[in-house]
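User: I would like to go through the side-chain packing of this model. Could you take me through the nonpolar cores and the aromatic rings?

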Amino acid sequence: MDIWDVAIIGGGGAGLTAGLYASRANLKTCLFEKISTGGQIALTDDVENYPGFPEGVTGPEVAQKMEEQAKKYGTEIITEEIMALQEKDGKFVLKTAGKEYFSHTIILASGASPRKVGVSGERELTGKGVSYCATCDGAFFRNKQIIVVGGGDSALQEGLFLTRFATKVYIVHRRDKLRGSAILQERAFKNQKIEFIWDTVIDSMHGSNKLEFVKLRNVKKNQVRDFNIDGVFVFVGHDPETKYIGDFVKLDEKGYVIADAVSFETSRKGVFAAGEVRTGAVKQLVTACGEGCAAALQAQHYLETLETD
Ligand SMILES: Cc1cc2nc3c(=O)[nH]c(=O)nc-3n(C[C@H](O)[C@H](O)[C@H](O)COP(=O)(O)OP(=O)(O)OC[C@H]3O[C@@H](n4cnc5c(N)ncnc54)[C@H](O)[C@@H]3O)c2cc1C
């Protein structure tokens, strides 16, 4: 039976850094990624706060370099989705659709995925005007008018990026104040193409084959109006990617993995969690990478204790 020392679930910043450290420590390391490596950072065009890149770097570029570096030291990337986890005869079993893999330790680094607005028409119109990724879809909206939903850093950053293509970007926010950082707020307020629609939510999305209009509701006045628009980009937070975990380790009430912020240990010995999947994590690339490094070092110490037992 082929047994890995470290099996990492998730190929975002946390997982790839865990891979780099584990494989560089000569541990037999594999990383499972269900879509493509990079995770959320690959969805943005502009990363200005990752140290070492004073001019900024694109998300896909930094993701690709992280993958290259992890592979260089031996991390094996397996493009499969982990569906379930089990512990059997002192080993961990990682189940995909058609296979089982075995490992002495696991690092959970499956991150989070963009939350939907949750209104009628959204699912049917995704990819037909509704998007969760400005880098992927922004160029389809050249000379068009779009709505960005949200009021945090991602909404502002991606809204600013989308002004490169769209003639107008309406930022629809359910409150009358933004949550985003001061520097992004300042840039957004100065940008002539951006207009804010405050105290407003989208009630429904409409269109036969592509998005045509949305119903906007002012939450203070409770007034609804039709609003013609070519695209809607949604940046309203994230939900943890932890369905496959079940009750294998303890999760918090929102579904994030409970793990110690120093040892990165979960409720099950030999299983660690790093990055956005962990409850209380700072949702940044640099911290995801830092946690990936720390979790890999902890996995290494844990493996040493197994050898001496
Ligand atoms: C639009 C946008 C812009 C951002 N801009 C910045 C920025 O400028 N600066 C910054 O520091 N941060 C930014 N962030 C946040 C940053 O991207 C995240 O904090 C970071 O990517 C978290 O990394 P992670 O590895 O923990 O998780 P993720 O990036 O979420 O990666 C998790 C990976 O696990 C995979 N996965 C999930 N479940 C499974 C499974 N069952 N089996 C196999 N694979 C699985 C997913 O496909 C994904 O690739 C941005 C995020 C977004 C969405």
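User: Let us start with V62. Which residues is V62 in contact with, leaving aside its neighbours within four places in sequence?

Analyst: Please bear in mind that this is a predicted model. With those neighbours set aside, V62 is in contact with I41, Y50, F53, V57 and L285.

User: And which residues touch the most other members of the largest nonpolar core?

Analyst: That core has 30 residues, and V6, I8, Y50, V62, M66, I107 and L285 touch the most other members.

User: Which elements give two or more residues to this core?

Analyst: They are strand 1 (3-9), helix 1 (13-24), helix 2 (59-72) and helix 7 (285-308). Helix 7 supplies the largest share, eight residues.

User: What lies apart from it?

Analyst: Another core, of 22 residues, lies apart from the largest one; I82, L85, Y101 and I245 are among its members.

User: Changing topic: how many aromatic pairs does the structure hold?

Analyst: The structure holds nine aromatic pairs. One of them joins F32 and Y101, with ring centres 4.9 Å apart and planes at 70°.

User: Why is that pair edge-to-face?

Analyst: The planes of F32 and Y101 stand at 70°, and an angle over 60 degrees counts as edge-to-face.

User: Where in the chain are the two residues?

Analyst: F32 is in strand 2 (residues 29-32) and Y101 is in strand 6 (residues 100-108). The pair links distant parts of the chain, as the two residues are 69 residues apart.

User: Is F32 buried or exposed? And Y101, buried or exposed?

Analyst: F32 counts as buried, at 2% relative accessibility. Y101 is also buried, with a relative accessible area of 12%.

User: What about the pair of F189 and F196?

Analyst: That pair is tilted, because the planes are at 50°; the ring centres are 5.1 Å apart. F189 counts as partly exposed at 47% relative accessibility, whereas F196 counts as buried at 14%.

User: Which residues do ring pairs link into a cluster there?

Analyst: F189, F196 and W198 are linked into a cluster by ring pairs.

User: Last topic, charges over rings. Which ring does the charged end of R268 sit over, and where does K28 lie?

Analyst: The charged end of R268 sits over the ring of F248, 4.3 Å from its centre. K28 lies over the face of W4, at 4.2 Å from the ring centre.

How values were computed: Residues are numbered from 1 along each chain as its sequence is written. This is a predicted model: local features need pLDDT of at least 70, side-chain atom pairs count only at pLDDT 80 or more; totals for chains, interfaces and linings use all residues. Side-chain values use heavy atoms; hydrogens and water are left out. A nonpolar core is a set of buried Ala, Val, Leu, Ile, Met, Phe, Trp, Tyr and Cys residues joined through side-chain atoms within 4.5 Å. Buried means under 20% relative accessible area, exposed over 50%, partly exposed in between (1.4 Å probe, protein chains only). Helices (H or I, at least four residues) and strands (E, at least two) are DSSP runs, numbered from the N terminus. Contact means heavy atoms within 4.5 Å. Rings of Phe, Tyr and Trp (its six-membered ring) pair if their centres lie within 6.5 Å; planes under 30 degrees apart count as stacked, over 60 as edge-to-face and the rest as tilted. A charge sits over a ring if NZ of Lys or CZ of Arg is within 6 Å of the ring centre and within 35 degrees of the ring normal.
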